[in-house]
Amino acid sequence: MKPLALLATLITGALLLYGTADFAAWGDPQSPPNRNISVRYVEEAVKETHVPNIVTAVLGDYRGYDTMFELVVIYSAGMAVMGILRRRDDQ
Amino acid sequence: MRISLQETRERIPQRDTILETTVRLMVPFIQLYGLYVIVHGHYSPGGGFQGGVVLGASIILFALAFGMPASKHYLSEGTDILLANAGALIFTGIATLCALLGGMFLDYSALAKILPIDPISWRSHGIFLVEVGVGMGVMAIMVSIYWDMASGGRLDEGL
Amino acid sequence: MESLLDHIIAKYNYWIYVVLMMIGFYAMIGKRNLVKKLLGMNIFQTAIILFFVSTGAKKGGSIPILDKYAALQGQVDVNQVVNPLPHVLMLTAIVVGVSVTGVALAVMQRIYRKYGTLEEDEILEKIENE
Amino acid sequence: MKSNLHMYVMAAPLLTAFLVNIFGRTRRKVIAPMVLGALGLSSLLAIVVLKRTLVSGDLSYTAGAWTPPWGIELLVDPLSALMLLLIAAVSFIATFAALPCVERDLQDRQHIFFTLYLILIAGLMGLVLTADAFNLYVMLEITSITTYGLIALGRGRAPLSSFNYIIMGSVAASFYLLGVGYLYLLTGTLNMADIARYLPALQGSAALSTALAFILIGLWIKMAFFPLHGWLPRAYTDAPDGAGVLIAPLMTKVTIYLMVRLMLTFQSPEFPLISMDVRTLVIWAASIGIVCASSLALAQRNLKQMLTYIIIAEVGYMVGGAWLANDQGMTGTLLHIVNDALMTLCLFLAAVAIAYRTGSLHFDNLKGLYRRMPWTMAFFTIGAFAMIGVPPTCGFYSKWYLLLGGIEAGQWEFVVALIFSSLVNAVLFFRIIELAYFGSLQDSEHHAHASAERHEAPWWILSPLALTAVLLIVVGLSTGPLVHNIIRLMIPVGF
């Protein structure tokens with residue numbers, strides 16, 4: 001079991017490192033994630049939402065749908081914990 | 001697990017003046033800071049999740065120092081669950097309300113039909129309302145998870 | 001050799017995250033203790049958060065909180081502000097990680113109450129003897 | 001065209017989940033009407049949504065009214081509308097059976113169960129609607145967390161099964177997220193259609209292959225594709241009966257739909273995602289998976305556990321069919337997603353009905369069931385025939401498309417695996433039918449006498465079972481319109 005797990009880990013790690021070869025160097029302002037859709041967030045978010053904190057603007061509005069389900073995730077976790085632990089049948 | 005818990009209780013005296021006084025002093029300030037983090041999320045790092053966790057931490061600290069029954073006196077179990085549900089309902093309710101008012105889902109500018117201010121300002125206010133809901137929900141769920149974990153679901157005493 | 005070293009230095013953030021990821025992943029699938037598995041899961045998630053946040057970095061960039069009036073007049077230099085999107089995504093991922101950890105801890109508490117141990121082999125042995 | 005209807009389909013169970021939690025805590029009686037009302041409403045709306053998309057075409061929708069690459073896009077086309085209707089209808093039918101089971105098993109936690117249950121349904125609906133790669137991850141986690149919770153509510157070794165599922169589910173979601181992160185680094189966008197636009201330029205890049213590999217492996221773990229299926233049988237067997245009837249028919253099928261959706265989005269003439277060597281590998285894995293899972297099903301002595309292995313074999317059918325990369329195979333896969341959800345629902349409902357009356361699903365316990373529960377066993381037989389693939393039921397038609405696709409692509413190992421699995425299914429189910437029909441005749445005298453009494457399952461479980469059994473035949477007979485009016489629209493020409 002353990003050698004197999006080690007092998008799987010090494011393969012996964014090697015595959016992930018192999019993939020990084022095509023990426024831009026760290027901190028490059030011209031890399032695709034920094035120059036594609038995020039530019040509009042930085043330039044327009046304040047005009048479009050009147051919120052100077054861009055992270056809040058994107059979290060609450062542009063990607064508010066994600067945030068809504070994020071709250072639902074933590075809510076379901078709380079309910080699941082409640083359901084799992086509050087039982088009287090098998091003490 | 002029960003045995004170790006009892007041992008701990010025998011070793012540490014039930015009440016500790018220094019601890020209780022410190023916590024009593026700290027809790028209001030922590031809560032004030034939590035509220036600040038929620039409402040000031042538009043202008044500084046922060047927002048509903050972060051502020052909600054800080055608020056939850058204040059009540060958890062209270063429960064650690066004074067025991068679980070005292071913390072349940074402070075924030076009852078029913079209120080806690082109501083807060084969690086209300087927080088989630090505020091967010092999803094606003095989202096659905098936007099759709100019902102003729103906008104798209106979560107399109108805060110549609111709320112201008114209720115209170116006619118300009119749609120872009122409504123986006124800012126919509127984010128704020130939603131963050132308040134998030135803060136309430138996260139605080140209540142954090143406290144509830146702590147209660148359940150600490151007492152093994154019995155909610156009597158625990159840590 | 002030199003090119004490999006250059007490669008590592010230019011992209012050291014990826015190497016750090018991959019090493020962390022491997023530690024976590026090995027703990028998740030290789031360890032037989034449930035607590036260690038859960039710890040591995042947390043390390044794995046932290047590695048992913050590091051990875052995402054590092055993608056948003058810009059050399060010389062400042063925090064993505066702008067001066068409102070300057071921004072309304074369009075006086076924002078994109079290269080001076082780090083990319084906000086990965087931070088938003090990772091806020092979501094952190095919350096998801098916390099939630100999964102909470103559920104896993106609750107499940108573990110039930111397992112411990114029922115079997116009195118958190119070693120997977122011992123639990124399976126007890127189940128077979130039932 | 002602007003329409004919010006599909007959002008209401010999803011919002012109805014989501015909002016009701018919180019209301020059930022508030023009001024159901026003190027008054028148990030309000031839970032059933034609230035849950036059934038919400039799911040009934042969303043089923044009705046889903047029918048309207050499907051009709052509208054067929055009349056007026058696809059609808060691209062963004063939450064928050066932002067233009068697509070910046071906001072989160074939701075896509076309503078005939079396929080996702082069909083899946084929406086499938087989820088709403090299956091959950092509506094399953095709820096009837098879940099109500100009495102939950103009332104018996106989890107008296108004091110009914111409101112928590114149904115909160116999680118409704119959020120799970122909303123999450124599944126969100127999964128089929130979304131066209132955003134990161135939103136898909138969030139939805140995947142919603143369905144996962146609620147499923148962990150629902151499974152851990154069960155008895156016996158359920159917490160351990162749930163924990164194993166948590167570990168495997170987290171690996172799956174993390175792999176998917178890593179893949180999305182790599183795609184984001186390469187393209188700088190998270191919208192699936194937008195990503196697809198950048199892909200042809202990135203052809204042959206190491207990072208792109210890594211990203212796609214991790215996304216696919218993540219989804220394969222989640223859908224229990226053969227070598228990665230270890231968590232599924234125990235998790236589904238140990239789940240409380242009320243949760244099993246919802247999770248078993250829907251979870252794996254929705255994940256397969258996601259894989260198909262990603263394949264259809266990323267595939268283009270300039271970017272042949274389904275390259276020859278990977279394709280052969282996947283089809284071989286699917287064929288081996290089908291054969292192994294069917295053989296493992298033969299070794300089981302518990303009805304529910306046997307059904308879980310059949311689910312794994314069916315996953316092999318659909319993954320293999322999708323990767324055949326021809327018209328017939330893809331049609332068969334999409335049709336089989338619908339059919340398999342209904343067949344699994346029918347068989348699980350029958351299993352729940354039997355467990356409700358007899359308490360155990362071990363094969364020894366099934367003897368003489370035809371006399372004790374004639375209606376239940378009659379509907380079970382229809383479900384079994386569908387699973388084997390006997391003509392008037394729907395299982396036959398999708399298998400037929402899959403077989404044609406396999407022959408057309410020249411993938412004979414897949415064809416052989418399909419036929420082998422059908423034969424094994426026949427053996428499996430006829431063994432049960434024989435036990436249930438003739439079993440008590442060989443039994444000792446007093447036992448036969450006691451078990452000869454008729455003791456049918458309660459109406460709440462029997463009527464959804466009857467409805468599903470009828471649906472199996474109705475869907476089977478309307479395969480033609482289903483394929484020509486909905487499924488064919490989705491498959492690009494010359495796929």
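## Where chain B meets chain A

Between chain B and chain A there are three salt bridges, a salt bridge being a side-chain nitrogen of Lys or Arg within 4 Å of a carboxyl oxygen of Asp or Glu. The side chains of B:Arg123 and A:Asp61 form a salt bridge, at 2.9 Å from N to O. Nine residue pairs, both at pLDDT 80 or more, are in polar contact between chain B and chain A; a polar contact is a pair of N or O atoms within 3.5 Å, where within protein one must be able to donate a hydrogen and the other to accept it, and residues adjacent in sequence count only if both atoms are side-chain atoms. On the side of chain B that touches chain A, α5 (77-100) and α6 (119-151) of chain B each supply at least two residues, and the largest share, 16 residues, comes from α6(B). Helices here are DSSP runs (H or I, at least four residues), as strands are (E, at least two), numbered from the N terminus. That side has 20 nonpolar, 14 polar and five charged residues, where Ala, Val, Leu, Ile, Met, Phe, Trp, Tyr, Cys and Pro count as nonpolar, Asp, Glu, Lys and Arg as charged, and the others, Gly among them, as polar.

In contact terms (heavy atoms within 4.5 Å), 39 residues of chain B meet 25 residues of chain A. About 2,700 Å² is buried between chain B and chain A, 69% of it on carbon and sulfur atoms; buried area is the accessible area (1.4 Å probe) that two parts lose on being put together, summed over both. B:Phe49, B:Ile127 and B:Ile141 supply 18% of the area that chain B buries against chain A, more than any other three residues.

## How the model is read

This is a predicted model, in which local features need pLDDT of at least 70 and side-chain atom pairs count only at pLDDT 80 or more, while totals for chains, interfaces and linings use all residues. Residues are numbered from 1 along each chain as its sequence is written, chains are lettered from A and ligands numbered from 1 in the order in which they are written, and side-chain values use heavy atoms, with hydrogens and water left out.

## Where chain C meets chain A

Chain C and chain A each bring 50 residues to their contact, and about 4,800 Å² is buried between them, 71% of it on carbon and sulfur atoms. Across this interface of chain C and chain A there are zero salt bridges, but seven residue pairs, both at pLDDT 80 or more, are in polar contact. The elements of chain C that give two or more residues to the side touching chain A are α1 (2-10), α2 (12-30), α3 (34-55), α4 (68-72) and α5 (85-115), and α5(C) gives the most, with 16 residues. By class, this side of chain C has 30 nonpolar, 14 polar and six charged residues.

## A helix in chain D

Helix α12 of chain D covers residues 303-323 and includes D:Val315. The 21 residues of α12(D) reach 31 Å from first C-alpha to last, close to the 30 Å expected at 1.5 Å a residue, the expected span being 1.5 Å times one less than the number of residues. Because 21 of the 21 residues of α12(D) are buried, the helix is largely enclosed by the rest of the structure; buried means under 20% relative accessible area, exposed over 50%, and partly exposed in between (1.4 Å probe, protein chains only). At the start of α12(D), a side-chain oxygen of D:Asn302 comes within 2.9 Å of the backbone nitrogen of D:Lys304, and just after the helix D:Ala325 takes a positive phi of about 60°.

D:Val315 itself is buried, with a relative accessible area of 0%. Apart from neighbours within four places in sequence, D:Val315 is in contact with D:Met223, D:Ala224, D:Phe225, D:Thr252 and D:Ile256.
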